[in-house]
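Have the sequence and the model side by side.

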Amino acid sequence: MRRRPQLTKLLGDLLASRESVAATFSLADRWRRKRNSSQDVIEGQTTLFGEILDWMFAPLLLLWPLSIAITFVVARNIADQPFDTALQDRLKVLASQLRYVNERPVIRLRSGARDLLRGADNEPVLYQFVDSDGKVILGDSAIPRPPLYDFAEKNVPKLRQAIIGGEEMRVAYMTIDPSELDVPTRGLPVLVQVAEGQQGRIELANEIIRGVILPQFIVLPLALVLVWYGLNRGLRPLRAMQRQLALRRADDLSPINPRAAPEEISPLVDSFNELLVRLNQNLTVQKRFLADAAHQMKTPLAGLRSQAELIGSASSAEETQRGLDQLIRSADRA
């Protein structure tokens with residue numbers, strides 16, 4: 001009888017998994033290649049274990065580069081904050097060096113202010129004072145003017161990016177209104193700008209990124225292994241049910257205990273039990289039919305035997321011929 005393979009195949013197809021542990025990003029793909037190399041897998045057939053791995057690992061591996069990009073942006077913002085604060089402080093110190101003599105702007109940089117014009121690792125800091133006519137009063141003329149859509153506000157530092165000498169630099173700038181100084185005076189506003197390179201910012205951002213990304217190279221493979229192990233443990237009840245079905249006798253059509261199966265496959269177990277009930281009913285009908293047929297065959301066969309015995313004991317050819325004719329008619333009725 002072939003009922004035993006039929007009983008185990010329904011759940012066996014869902015449970016068939018020959019997974020191999022691999023702490024790499026291609027864990028699910030390696031598992032599938034190994035599984036597809038098995039002779040038990042039908043061409044085009046998928047496995048529950050492989051599908052779950054795909055739907056868990058694929059988004060995880062896609063989100064990992066995105067998390068690196070987000071980490072880079074966040075790291076740059078974090079690195080910019082202290083440097084921007086220091087750059088704005090330099091701008092305010094330089095602005096405080098501005099004086100008005102006879103309503104004309106005059107800048108005298110003290111030694112302390114000059115010390116501020118050095119960035120990290122003695123990187124030079126560019127500065128510029130520009131009068132209302134656009135003429136550079138003091139400083140480096142290479143610093144471009146603020147664009148119209150990002151004009152300087154009075155006594156309020158602002159920040160922007162600018163290309164100076166072929167290098168992208170960070171610029172802090174504001175306009176000094178002489179009427180709002182500690183000692184108000186008459187005169188025209190002056191634009192003050194300070195620019196510095198971004199090498200220090202980049203180095204700090206890289207340090208932050210390395211501190212965040214490097215642990216992910218350890219955590220992510222470990223997470224993949226833990227997910228694989230968790231799925232493998234989660235499918236143990238299904239494998240136990242598969243073993244129970246494989247050990248059943250061929251004539252055992254009793255229902256499967258639904259409590260022994262996970263809740264997620266309870267509908268499958270219920271449908272499988274209904275199939276077993278229908279199969280058991282069909283086999284019962286077949287057995288009853290065979291029993292009835294066997295009983296019905298006993299009487300004509302017994303009659304045929306009796307007539308054959310009479311023919312054997314016939315004393316004449318006529319009796320033998322009549323017995324043979326009667327045997328043929330009885331055989332036709334049977």
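Leaving out residues up to four places away in sequence, A172 touches L87, L91, K158, L159, V192, Q193 and V194. Contact here means heavy atoms within 4.5 Å. This is a predicted model, in which local features need pLDDT of at least 70, side-chain atom pairs count only at pLDDT 80 or more, and totals for chains, interfaces and linings use all residues. Residues are numbered from 1 along each chain as its sequence is written, and side-chain values use heavy atoms, with hydrogens and water left out.

A172 sits in strand β6, residues 167–176. Helices (H or I, at least four residues) and strands (E, at least two) are DSSP runs, numbered from the N terminus. A172 has a relative accessible area of 0%, so A172 is buried. The cut-offs are under 20% relative accessible area for buried and over 50% for exposed, with partly exposed in between (1.4 Å probe, protein chains only). A172 and A195 are 23 residues apart along the chain, and their C-alpha atoms are separated by 6.4 Å.

Now take L87, one of the residues that A172 touches. L87 belongs to helix α3, residues 48–95. Its relative accessibility is 0%, so L87 also counts as buried. Setting aside neighbours within four places in sequence, L87 is in contact with L159, R170, V171, A172, V194, E196 and R201. L159 lies 72 residues from L87 along the chain, with 9.1 Å between the two C-alpha atoms.

Next, a loop. R248 lies between α6 (236–246) and α7. At 14% relative accessibility, R248 counts as buried. Its side chain reaches the backbone oxygen of S254 at 2.7 Å.

Last comes a helix pair. Two packed helices are described by the angle between their axes and the distance between the axes. Helix α7 (residues 266–312) and helix α8 (residues 317–333) pack at about 170 degrees, with axes 9 Å apart. The axes are lines fitted to C-alpha atoms over the stretch in contact, and angles run from 0 to 180 degrees between N-to-C directions. α7 and α8 are therefore roughly antiparallel, a label for angles over 145 degrees.

Which residues make the contact? From α7 come L304, Q307 and I311. From α8 come T320, G323, L324, Q326, L327, S330 and A331. The residues of this contact divide into five nonpolar, five polar and no charged. Ala, Val, Leu, Ile, Met, Phe, Trp, Tyr, Cys and Pro count as nonpolar, Asp, Glu, Lys and Arg as charged, and the others, Gly among them, as polar.

Key: Parallel < 35°, antiparallel > 145°, perpendicular 65-115°, else oblique. Polar contact = N/O pair within 3.5 Å; in protein donor to acceptor, adjacent residues only side chain to side chain.
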